Each structure stands twice: as structure tokens, then as C-alpha cells.
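Student: I have a model open and want to go through it with you. Can we start with charged side chains?

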Amino acid sequence: GPVWRQLTVISCYLGSIYIAYTFLKYMHVKFLPDPYMGKIFQDLETWVGFDWVNPYFRFFTGGVEAVASLLLFIPGFQLAGAFVTLGTLVVALLLHVPGPIGIEGARGALALEAVICVLLASWIVYVRRGEVMELVRFTFTDRTWTRK
């Protein structure tokens with residue numbers, strides 16, 4: 001009923017707060033020099049074999065995380081923010097866990113926080129699944145779309 005719907009929408013915003021907090025908590029290591037994170041990104045750069053990972057991929061990742069954090073709070077775009085979050089964190093986990101960082105890397109909590117954010121973003125996608133086609137239409141065709 002309507003109470004359940006209100007609770008699920010509130011839970012989406014609570015999840016969004018946690019995701020944005022987590023992204024913003026690590027934002028400084030994406031844009032400011034940090035010796036520990038610099039070494040992690042250098043190790044990742046060596047592991048993947050691309051010499052542009054540090055700093056360009058680090059800056060790009062920080063920008064994507066900032067955009068996701070913003071989208072999660074714009075009415076009608078929370079679903080897009082959840083999809084950006086999922087894409088970013090799935091790639092991050094695929095690079096971090098088997099790579100030089102590992103599960104215990106990045107001060108230990110990073111993998112757990114990423115998994116929690118993936119679960120929360122998945123919940124948002126599930127709750128807002130009815131908005132997928134509206135978002136697709138707005139993104140690719142109908143520029144007059146308005147949220148109901």
C-alpha cells in the first residue's frame with residue numbers, strides 16, 4: 001500500500017545518503033596528492049599495464065563518483081545515480097580485489113564499503129525499476145519528459 005511505498009522511497013534516500021557519504025569520504029584521495037593512495041594507484045597502474053591510470057583514471061573516477069552522488073538526490077534521476085554507482089563500483093571491485101590492492105587493501109574497509117554501496121544501489125534500482133523506460137526515453141528521445 002501507500003505506507004509501504006513511502007517506506008521504500010525513504011529507504012532509497014537513506015541508501016543514497018550512505019552512497020554519497022562513502023564517495024565523498026574518499027573524494028580527497030582522487031583529487032589531492034596522498035602518498036598512500038598514490039602508491040595504490042601506481043601499483044594498479046603497473047598491474048593493468050597502462051601508464052595513464054595515475055592520475056587520469058583517478059581524476060575520472062572521482063568525477064564519476066561526484067556525478068553519481070549528485071544524481072542520487074535529483075528527483076527523477078535517482079535511478080541514473082544508482083546505475084552510475086553500480087557501474088563504478090563493479091569495475092572498482094573487479095580492479096581492486098584480484099589486483100594489487102586486494103580485499104584488505106586501501107586501509108581494509110574499502111571493499112566492504114563498496115559491497116554495501118552495490119547492495120544499496122541495487123535496492124534503489126529494484127525499487128525504481130518502473131522508471132527505467134522513462135529514463136531511457138528521456139535520455140535518448142523525448143526531451144520533454146517530466147517526472148510524474
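Student: How many salt bridges are there?
Tutor: Three, counting a side-chain nitrogen of Lys or Arg within 4 Å of a carboxyl oxygen of Asp or Glu. This is a predicted model: local features need pLDDT of at least 70, side-chain atom pairs count only at pLDDT 80 or more, and totals for chains, interfaces and linings use all residues. Residues are numbered from 1 along each chain as its sequence is written, and side-chain values use heavy atoms, with hydrogens and water left out.

Student: Which residue pairs with Lys-25?
Tutor: Glu-113, at 2.5 Å from N to O. The pair links distant parts of the chain: Glu-113 is in helix 6 (residues 110-127) and Lys-25 in helix 1 (residues 2-25), 88 residues apart. Helices here are DSSP runs of H or I, at least four residues, numbered from the N terminus; strands are runs of E, at least two.

Student: Is Glu-113 buried or exposed?
Tutor: Buried, at 10% relative accessibility. Buried means under 20% relative accessible area, exposed over 50%, and partly exposed in between, with a 1.4 Å probe and protein chains only. Lys-25 is partly exposed, at 29%.

Student: What does Glu-65 pair with?
Tutor: Lys-30, in a salt bridge of 3.1 Å, N to O. Glu-65 sits in helix 4 and Lys-30 in helix 2, 35 residues apart, so this pair also links distant parts of the chain. Both residues are buried.

Student: And which residue meets Arg-128?
Tutor: Glu-131, with N and O 2.9 Å apart. Glu-131 and Arg-128 are both buried.

Student: Switching to the fold. How many helices and strands?
Tutor: Seven helices and zero strands. Along the sequence the pattern reads α-α-α-α-α-α-α. Of the 148 residues, 42% are buried.

Student: How many of the contacts join residues at least 24 apart?
Tutor: 74%, among contacts between residues at least 6 apart in sequence. Contact means heavy atoms within 4.5 Å.

Student: On to helix 3. What span should it have?
Tutor: Its 14 residues (35-48) should span 20 Å at 1.5 Å a residue, and the end C-alpha atoms are 20 Å apart, which agrees. The expected span is 1.5 Å times one less than the number of residues.

Student: Which residues of helix 3 are buried?
Tutor: Met-37, Gly-38, Ile-40, Phe-41, Leu-44 and Glu-45.

Student: Why would residues three or four places apart point the same way?
Tutor: An α-helix has 3.6 residues a turn, so that spacing points the same way.

Student: Which residues are exposed on the other side of helix 3?
Tutor: Pro-35, Lys-39 and Thr-46.

Student: What covers the buried residues?
Tutor: For helix 3, the cover includes helix 2 (27-31), helix 4 (53-71) and helix 5 (78-96). After helix 3 comes Gly-49, with a positive phi near 85 degrees.

Student: How far does helix 4 reach?
Tutor: 25 Å from first C-alpha to last, over 19 residues. That is close to the 27 Å expected. Its buried residues include Arg-58, Thr-61, Gly-62 and Glu-65. Helix 1, helix 2, helix 3 and helix 5 are among what covers the buried set of helix 4.

Student: Where is Thr-88?
Tutor: In helix 5. Thr-88 is buried, with a relative accessible area of 14%. A polar atom of its side chain lies 2.8 Å from the backbone oxygen of Val-84. Leaving aside neighbours within four places, Thr-88 contacts Val-64 and Glu-65.

Student: Now cysteines. How many disulfides?
Tutor: Zero in the whole structure, looking for cysteine sulfur atoms within 2.5 Å. Cys-12 is buried at 0% relative accessible area. Cys-117 is buried too, at 1%.

Student: Last one. What does Ile-124 touch?
Tutor: Cys-12, Ser-16, Ile-19, Leu-72, Gln-78 and Ala-82, not counting residues up to four places away in sequence. Ile-124 lies in helix 6 and is buried at 0% relative accessibility. Ile-124 and Gly-15 are 109 residues apart in sequence, but 7.7 Å apart in space, C-alpha to C-alpha.

Definitions and conventions
Polar contact = N/O pair within 3.5 Å; in protein donor to acceptor, adjacent residues only side chain to side chain.
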